[in-house]
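Hi,

Here is the structure I promised to pass on.

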Amino acid sequence: MQPVVRRRGARSLAVPRSLVRSPLAVGSVIVVAAWVALAAAAPAIAPYGPLAQDIADRLAPPGPAHWFGTDPLGRDILSRVLYGARLSIPVGIAAVALAVLLGTVIGSVAGAAGGVVDEAIMRLTDLMLAFPTVILAMIISAALGAGIRNAVIAIMVAWWPTYARFARGLVIGARDREYVEAARAVGASPMRVFLRHVLLNILSPIVILGTLDVGRAILTFASLSFLGLGPPPQIPEWGSEIAAGRDYLDQWWIATFPGLAILTLVVALNVVGDGLRDALDPRLRKA
Amino acid sequence: MSRRALFRQAGAGLAAGALGSAAVPWVWTRADAAATADRGTFIVGGNAQFRTLDPGRTIEVTGMMVEKATYDTLVTFYGEDLRTPRPHLATAWKASADARTFTFTLRQGVRFASGNPLTSADVKWSFDRVLNLKANTLFLFDGVAGVDAPDAHTVVIRTKAPQLSLIPILSHPGLGILDSKLMMQNGGDAGPDAKNADHAEPYLFQHSAGSGPFMIQSYTAGQELVLVRNPNFWGSPARLDRVVLRHVPDPVTQALQVVRGDLDMASNIGPDQLPALRRAPNVVVQTSPSATTFYVLMNNAPDVGGPFSNPKVQQAVRYALDYDGIMRIAGPGSVRLAGVIPTLLPGSLPSSAAVKTDRDRAKSLLKESGLASVSGTFSYSSDAIQFGIPTALLAQKIQSDLATVGIQLKLDGLPTVTSLTLYRGGKDQFGVWGWAADYPDATDFLVYAPGRVVGKRAGWLPTASPDAGKLAALADAAEAEVDEKKRVALLQQFERTLAQIGPYAPLFQPAIPYAFRSNVQGVTYNSVWATDLYPIRKTS
């Protein structure tokens, strides 16, 4: 069967059909949507407060009163996992959005300016990319001090070079296109040419790349929290809950459920992202 | 002074935490390996990587366990007890009326493992060496002015000030008696220049030079240390032929090996391992109290403590804490403390005298303080696990308890190194800490008095208030008291006043867990030297 090849505008972000056709991708979209819904509804559906301690019922295994069991302070793990989503999802999106913003600005400047500026910026990104991103994020987070805001800043600082390189490549690719030449020929100002004709045309691949990375950002945030560089311990956060569970291997439920939360959300986000990329990248599409 | 001992256990606990993360699956096998088959050999898993095995240089608990087995001290304690000093190398002792001269009568007919007779000259030589080495055991003899040996079986110790605590201090394995002849043949020196002239430490890694029930046969760093029975021991010979201390630093592996029968005893496990060990056949799990105080510190210096320097707020914190809940976190075997002296020691108050949770009273005390709101920063060691209790857990519990009466604390988890620096520098606004006994005597816990080590860390000086000044004087009086009964009464008075006006909330005395095969008898745990190997025996 010959798939229908549709013409598509460069800016189109509509959910493509090939994505809808893959059951894995559909399932993942549902999982992601479910997590977003659970996060939004957490205060209404969580059976207990995320901070409510019931020390008499500490380390209770999963049961009717506590579906996911309780932690060493007698807090309900189900409630903490649900509230954890309210932190992880916005933090993942915010970290990526900031990194995309910073990277795009820097990369576009490099691509548009060229010459010495380009060289300088690119060598800086090379320098940053030489560090493993998680280690870099750890260093930054440790230097700034533990906390949610600092973890977001750390992820942003560690990740912007990837987007900067990407944006620079796209800018260089776009700046000599005919439509850009045409705009220049009719006398548009360099700024207008850059913003309207170059930047707008390269935005969608960057946004898609960013979407792909939200899962990874959530995982990196959880890793930072696991290492004690996230929010203070009483705040429900998946990574720090897994870290707390390390000391209680016999009480498997403490680390397992937050771990499953990370697993399901991050895998689903990655599958959705992959599907999105496959669908939108003409080179990967079957002829 | 106690900074040496403070985190002695923390290292082991940290290791437990870090290594516990490796999910080693429990494998139940019926392989009862060689260890259990041989009745004469006792294999202990734990930390067999020793910083030193020279008594004069040892303050680590792992090294002290070896020294307890290979050297004898003048006095000792039996089992877990730290209240009743017992005769050991000294059969009797007498303090002068001013408690500044102590005369010890030595046991007759004692020979070292080498065959050399043990006389007062060896005792004097060993104690002079401690004084002159100026190593980390020196603090034990801070109060000692000199040691004399008037005849072969009499030793006299003179102290700078009245010091009844000398007797329990002498049980410390760091003050074990060395074979002076053997030592001098192998580089030992006790002269005034011993700090530079003594070169016996390497020798003492491979040989013991004591009179204890065992002697060192071999030591391979990071692998194992082998002790064999001392045939010349003055008491009834040890029941075990050999003791192997095997280096198994990971608590999970230790637990697994004791279940399999590869080890007779796991000496360094955490509460993680206990539930599985309790289910295992042929394994006995025990806990013993440790002479350590866990307490909440509130800085009394207004510039550091802020609202927590207010005595009413301090009092409110004491009533707001949920002690029953905290004891559940502390785990089985731990004891609620009414004061800062562990219940193992004379002078401590019974648990029944401890403050009971009373949140209404806490709220009214907060009102009386006149402060509109009480909030602050609670710094703690986010990576520390002491006696199997993650400090982060205690911190969250305390934070939530205080929130119920309207005290807001911001948790500031720091690496242990950083938080210790704050604490020792007196910069902690609010914290939760432990103090482990350096030596088995209550006077080691007078550090909580105004102006002393912990007092300073809490920003509490004798000049803080007239009552603080009186309490500091009371601490001095208790330390110098020459009558044991009066001394205990003074210590208890100190405890009661401190509980009223001190910038602390005493929490509990923790317990140490250990596990051994069910065919092993006589295992105990002492806060100072861990397990005494001498009374241990194995049945088939």
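Starting with chain A: Val105(A) lies in helix α3 of chain A (helices are DSSP runs of H or I with at least four residues, strands are runs of E with at least two, and both are numbered from the N terminus). Val105(A) is partly exposed, at a relative accessible area of 49% (buried means under 20%, exposed over 50%, partly exposed in between, with a 1.4 Å probe and protein chains only).

Before I go on, some housekeeping: this is a predicted model, where local features need pLDDT of at least 70, side-chain atom pairs count only at pLDDT 80 or more, and totals for chains, interfaces and linings use all residues. Residues are numbered from 1 along each chain as its sequence is written, chains are lettered from A and ligands numbered from 1 in the order in which they are written, and side-chain values use heavy atoms, leaving out hydrogens and water.

Back to Val105(A): together with Leu101(A), Val109(A) and Val117(A), this residue makes up a nonpolar surface patch with about 340 Å² of accessible area. (Patch residues have over 30% relative accessible area and no salt bridge; like charges are joined within 9 Å, nonpolar side chains within 5 Å. A salt bridge is a Lys or Arg side-chain nitrogen within 4 Å of an Asp or Glu carboxyl oxygen. Areas are Shrake-Rupley, 1.4 Å probe.) Helix α3 (residues 77-113) of chain A gives the most to the patch, with three residues.

Over in chain B there is an open seven-stranded sheet with mixed pairing, in the order β8-β9-β10-β1-β11-β21-β12 (two strands pair if DSSP finds at least two bridges between them). β8 (214-220) and β12 (283-289) of chain B are at the edges with a single partner strand each, so one side of each has no neighbour in the sheet. Further in, β1 (residues 41-46) and β10 (residues 242-247) of chain B run parallel and are joined by six bridges; Gly45(B) has Arg246(B) as its bridge partner in β10(B).

Leu59(A), in the loop between α2 (23-45) and α3 of chain A, has a positive phi near 60° without being a glycine, and Leu59(A) is buried at 18% relative accessible area. Asn282(B) is not a glycine either, yet has a positive phi of about 65°. Asn282(B) sits in the loop between α11 (274-279) and β12 of chain B and is partly exposed, at 44%.

Cheers
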